[in-house]
Amino acid sequence: MKPGRKKILTITLLSVLVLVITAGVVGFKMYNMPHRNVEAEKAIKISALDLVNTYENDEAAANARYLDKILEVKGTIASLSKNQKGEQVVTLKGTDLSGIICTLEASPAFDIKPDMPVLIKGICTGFLTDVVLVRSIIQAE
């Protein structure tokens with residue numbers, strides 16, 4: 001092998017090795033990042049109807065304002081269910097077309113029922129025909 005080719009091959013392999021190690025370190029750090037403490041962080045307060053209307057009227061503006069933020073939503077329970085992981089999911093009433101789906105982080109300390117007013121605090125992950133809140137905690141209103 002010519003000396004010039006050997007040098008290029010060595011530099012290329014070292015560059016790839018550095019990139020792989022860097023990606024591994026970044027991935028490891030992101031995987032082990034602590035979760036946000038929803039209960040302790042300050043939240044944006046909004047009613048369920050106002051949140052749904054904001055997303056239905058202008059999703060881009062609503063995302064800029066609420067996406068990945070902690071919201072404290074005041075509303076009425078429309079339904080209760082469980083997801084594939086067995087986590088409790090509360091749907092809040094919104095408009096005729098949309099509501100707010102809240103995946104609870106833990107079971108509430110009290111019984112919850114449809115048509116019950118509640119205050120739910122969670123992280124907004126966007127709008128998919130319904131506004132979605134994850135890692136939510138629930139309080140009686």
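Is K93 buried, partly exposed or exposed? K93 counts as partly exposed, because its relative accessibility is 39%; here buried means under 20% relative accessible area, exposed over 50%, and partly exposed in between, with a 1.4 Å probe and protein chains only. The structure is a predicted model, in which local features need pLDDT of at least 70 and side-chain atom pairs count only at pLDDT 80 or more, while totals for chains, interfaces and linings use all residues. Residues are numbered from 1 along each chain as its sequence is written, and side-chain values use heavy atoms, with hydrogens and water left out.

Side chains of opposite charge can pair when their charged atoms come close. A salt bridge is taken as a side-chain nitrogen of Lys or Arg within 4 Å of a carboxyl oxygen of Asp or Glu, and by this rule the count comes to five. One of them joins K93 to D115, with 2.6 Å from N to O. This pair links distant parts of the chain, 22 residues apart: K93 is in the loop between β3 and β4 (100-104), and D115 is in the loop between β4 and β5. Helices (H or I, at least four residues) and strands (E, at least two) are DSSP runs, numbered from the N terminus. D115 is exposed, since its relative accessible area is 53%.

A salt bridge is also found between K45 and E72, at 3.6 Å from N to O. K45 lies in strand β1 (residues 44-47) and E72 in strand β2, so that distant parts of the chain, 27 residues apart, are linked by the pair.

R36 is partly exposed, with a relative accessible area of 28%, and E41 is partly exposed at 30% relative accessibility. Together with D68, R36 and E41 are linked in a network of salt bridges. D68 is found in the loop between α3 (59-66) and β2.

Backbone angles were also examined. Most residues other than glycine have a negative phi, and most peptide bonds are trans. D68 is not a glycine, yet has a positive phi of about 65°. T129, also not a glycine, has a positive phi of about 65°. T129 lies in the loop between β5 and β6 (131-140) and counts as exposed, at 56% relative accessibility.

A search of the whole structure for aromatic pairs finds one. Rings of Phe, Tyr and Trp (its six-membered ring) pair if their centres lie within 6.5 Å; planes under 30 degrees apart count as stacked, over 60 as edge-to-face and the rest as tilted. The pair is made of Y55 and F127 and is stacked, with 5.5 Å centre to centre and 15° between the planes. Because Y55 lies in helix α2 (residues 48-57) and F127 in strand β5 (residues 117-127), the pair ties together parts that are 72 residues apart in sequence. Y55 and F127 are both buried.

A disulfide is a covalent bond between the sulfur atoms of two cysteines. With a disulfide taken as a pair of cysteine sulfur atoms within 2.5 Å, a search of the whole structure finds zero. C102 is in no disulfide, and the nearest cysteine sulfur, that of C124, is 9.8 Å away. C102 counts as buried, at 0% relative accessibility, and C124 counts as buried at 1%.

In the strands, S79 is found in β2 (residues 70-82) and T91 in β3 (residues 88-92). S79 is partly exposed at 31% relative accessibility, whereas T91 is buried, with a relative accessible area of 18%. Contact means heavy atoms within 4.5 Å. Leaving aside neighbours within four places in sequence, S79 is in contact with V89, V90 and T91. With such neighbours again left aside, the contacts of T91 are T76, I77, A78, S79, I100 and I101. The C-alpha atoms of S79 and R36 are separated by 27 Å, and these residues are 43 apart along the chain.
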